[in-house]
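I opened the notebook to go through some helices and then the aromatic rings. My entries follow.

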Amino acid sequence: MIESDRELSAMVQELWDNDVNRLMPGKDYRISLQPKARPVANDDDNDGAGSPLFTFVDENIFKKETFLAFISLLDNYESDTGEPEIVTPEEVAENHKFLDSIIQTETMKIAHKYLVGKHLSPADETQFKEQLYRIWFELYARRGSSRPDSSGFEHVFVGETRGRRTVIGFHNWIQLYLQEKLGHIDYKGYSVNANSPQPDENKHILALQFSWKNGIKPKGSIFIGVSPEFEFALYTLCFLTSPN
């Protein structure tokens with residue numbers, strides 16, 4: 001491992017250690033892994049799991065400031081790629097409220113300090129918030145679309161559907177839980193490679209297969225039980241430190 005990788009790995013560990021709002025498996029939430037997901041077929045008979053993934057979540061955690069602000073953003077998007085997004089003043093205000101809430105957390109302060117030290121982010125907090133807004137909330141047009149129809153936040157945290165058949169993005173456990181609770185998610189089992197360890201219901205990361213809005217996510221990975229500020233800090237670090 002080269003020095004820059006070690007440094008980034010240590011930074012991710014520091015973010016993890018300071019995620020004070022992370023839920024505890026078995027206490028704050030419980031999941032049911034069930035069988036391994038089957039290969040994706042052209043019908044609905046490939047469901048390896050007969051029950052939902054989440055069997056319990058203590059929703060009191062959703063009353064915390066960053067969770068509350070995060071959840072308010074989840075209904076602000078059209079999932080179909082190619083469908084232009086219309087952002088209302090109320091939604092812009094919700095975006096800013098979310099950034100205001102997470103930028104005060106220890107995880108985001110740690111990430112900010114690291115990025116400033118690498119000359120990847122401005123030291124000024126207001127300018128840093130503007131950078132975060134550009135990265136995550138500014139709309140862009142996907143290939144084949146003439147109008148802005150996506151954003152970093154929508155892709156990573158909310159999820160999108162392509163051609164009404166494939167789910168892309170969608171890497172957030174809160175969105176997964178809330179959509180499953182509404183009956184919009186069909187969990188089809190966990191995913192594992194030949195050389196990968198078996199998943200564990202007490203671990204905070206899971207590879208899985210599910211369907212959403214008539215589309216299928218053949219394989220995706222999701223952190224389970226972590227706070228919005230942890231994921232936001234982690235993915236911002238990954239985006240800004242990636243050579244590509």
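I take the expected span of a helix as 1.5 Å times one less than its number of residues. The model I am reading is predicted.

**Entry 1: α4.** I looked up helix α4, residues 106-117. I find twelve residues in α4 and a reach of 17 Å from first C-alpha to last, close to the expected 16 Å. I then checked burial, taking under 20% relative accessible area as buried. In α4, the buried residues are T107, M108, I110, A111, H112, Y114 and L115. An α-helix has 3.6 residues a turn, so residues three or four places apart point the same way. After α4 I come to H119, which has a positive phi, near 60°.

**Entry 2: α8.** Next I took helix α8, residues 228-241. α8 has 14 residues. Its C-alpha span from first to last is 20 Å, close to the 20 Å expected. How many of the 14 residues of α8 are buried? I get eleven, so I note α8 as mostly covered, with under 20% relative accessible area as the cut-off. I list P228, E229, F230, E231, F232, A233, L234, Y235, T236, L237 and L240 as the buried residues of α8.

**Entry 3: α3 against α8.** I asked what angle α3 and α8 make where they pack. I read about 90° between α3 (residues 89-102) and α8, with the axes 10 Å apart. Angles of 65 to 115 degrees count as roughly perpendicular, and α3 and α8 are therefore roughly perpendicular to each other. On the α3 side of the contact I note F98, L99 and I102. They meet P228, E229 and F232 in α8. I sorted the residues of this contact: five are nonpolar, none is polar and one is charged. P228, E229 and F232 are also among the buried residues of α8.

**Entry 4: aromatic rings.** I searched the whole structure and found 23 aromatic pairs. I looked at F62 and W173: their ring centres lie 6.1 Å apart and their planes are at 40°, so I file the pair as tilted. The pair links distant parts of the chain, 111 residues apart. F62 sits in the loop between β2 (54-57) and α2 (65-71), and W173 in helix α7 (residues 173-181).

Last, I traced a cluster linked by ring pairs: F70, Y77, F98, Y133, W136, F137, F153, F157, F232 and Y235.

How values were computed: Residues are numbered from 1 along each chain as its sequence is written. This is a predicted model: local features need pLDDT of at least 70, side-chain atom pairs count only at pLDDT 80 or more; totals for chains, interfaces and linings use all residues. Side-chain values use heavy atoms; hydrogens and water are left out. Helices (H or I, at least four residues) and strands (E, at least two) are DSSP runs, numbered from the N terminus. Buried means under 20% relative accessible area, exposed over 50%, partly exposed in between (1.4 Å probe, protein chains only). Axes are lines fitted to C-alpha atoms, for helices over the stretch in contact, and angles run from 0 to 180 degrees between N-to-C directions. Angles under 35 degrees count as roughly parallel, over 145 as roughly antiparallel, 65 to 115 as roughly perpendicular and the rest as oblique. Contact means heavy atoms within 4.5 Å. Ala, Val, Leu, Ile, Met, Phe, Trp, Tyr, Cys and Pro count as nonpolar, Asp, Glu, Lys and Arg as charged, and the others, Gly among them, as polar. Rings of Phe, Tyr and Trp (its six-membered ring) pair if their centres lie within 6.5 Å; planes under 30 degrees apart count as stacked, over 60 as edge-to-face and the rest as tilted.
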